[in-house]
Amino acid sequence: VSGAIAIVCAVFVGAVREQLWQQSISTIRESTQQGCNTLRVQLENEYQVLTSLTNYLSRYSSGQTEELNRLISSYGNMDSGIALYMEDGTGFPTDIPIDEAAAEYLSETEQEQGIIDPHICSSTGINEFNLYTKVVLQDQTEGYLIKGYEVGSIVDSFTVSFYQNAGFSYVVDTDGNVLIRPPHPGSNKTVKNLFDMLPASQNASGELEEFAQSLKDKKTGWATFTYQGEDTVFCYIPLELDSDWYLISIIPRNVVEAQTNQILIRTFILIAAILLGIALIAVVYIRYAKRINKRLQSQTNYIGHLYNA
């Protein structure tokens, strides 16, 4: 019976380990999705505000510079970081210098709205990223309305941590370039590309290529790679919103499996208690059987003695 229980328990433990692993991965994906949704909702709301302001700006012509400057300045007092860049290089409000990196990007893009990757703003010297949406004025003059976000002030609102802060997340693009780093002490502060963190000597080239292709195809999923000498889970979810941004969560596999091991240890303790109980029952039964056998043997010997007498 004990042998049968041991075999059944071994099968049970294997199934439970796999189920707990999948559940842990599901938890990581859900947490990453929540962080991604937090940023997405925040940016979607800002897109709606920019679209509303864009519709209002379409009533003005490019010659109404004072009115445009007054409108953008007054709106900037309520919501900082708003600016209007026209195709001729003019920027509103006029008292704030143009961000050259953003202006250069807008001069080359063909999208009507999107996100400008984090960069050092030439006018403020702060690391920031921008939302932008196209503006067409009444005289068909085109420009872009942009909204700036300081990376340091927004990163905590959507980057996630797991398992008592053992895991953390990055924002990267589809090529793996690190755009936003978490303030987590375990994150790499110098690496520029996600794939530089994954040495080819410790990871299968086919798995790395499949991971890179998944990012380019904007898929959602997870993979396990060797990072800093230990197996690590990478969970990736695209931000969308006309961008190539990804939120990627990184957590050591042994941390994920620690909870599974704790549950299994408790299971083993329960199994050992059951087997010990069976063993005690067997010992008590054997001792009882020996006593009965001894008594029967004594009775048999006595009866034999009487017959012999």
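**Salt bridges and an exposed aspartate in a predicted model**

Glutamate 257 is partly exposed, at 26% relative accessibility; on this scale, buried means under 20% relative accessible area and exposed over 50%, with partly exposed in between (1.4 Å probe, protein chains only). The model is a predicted one, in which local features need pLDDT of at least 70 and side-chain atom pairs count only at pLDDT 80 or more, while totals for chains, interfaces and linings use all residues. Residues are numbered from 1 along each chain as its sequence is written, and side-chain values use heavy atoms, with hydrogens and water left out.

Glutamate 257 has a charged partner, arginine 253, and the two form a salt bridge whose closest N and O atoms are 3.0 Å apart. The term salt bridge stands here for a side-chain nitrogen of Lys or Arg within 4 Å of a carboxyl oxygen of Asp or Glu. Side chains of opposite charge can pair when their charged atoms come close. Both residues of this pair, glutamate 257 and arginine 253, belong to helix H6 (residues 253-308), where they sit four residues apart, about one turn of the helix. Helices (H or I, at least four residues) and strands (E, at least two) are DSSP runs, numbered from the N terminus. Arginine 253 is also partly exposed, with 26% relative accessibility.

How many salt bridges does the structure hold? The count is three. Another of them joins aspartate 175 to lysine 216, with 2.9 Å between the closest N and O atoms. This pair links distant parts of the chain, 41 residues apart: aspartate 175 lies in the loop between strand S6 (168-173) and strand S7 (178-180), and lysine 216 in helix H5 (residues 205-216). Aspartate 175 is partly exposed at a relative accessible area of 41%, and lysine 216 is likewise partly exposed at 47%.

A further salt bridge brings together the side chains of glutamate 142 and lysine 134, at 3.3 Å from N to O. Here glutamate 142 is partly exposed at 31% relative accessibility, and lysine 134 is partly exposed with a relative accessible area of 25%.

Is aspartate 88 buried or exposed? Its relative accessible area is 60%, so aspartate 88 counts as exposed. The side chain of aspartate 88 makes a polar contact with that of threonine 90, at 3.0 Å; a polar contact is a pair of N or O atoms within 3.5 Å, where, within protein, one must be able to donate a hydrogen and the other to accept it, and residues adjacent in sequence count only if both atoms are side-chain atoms.
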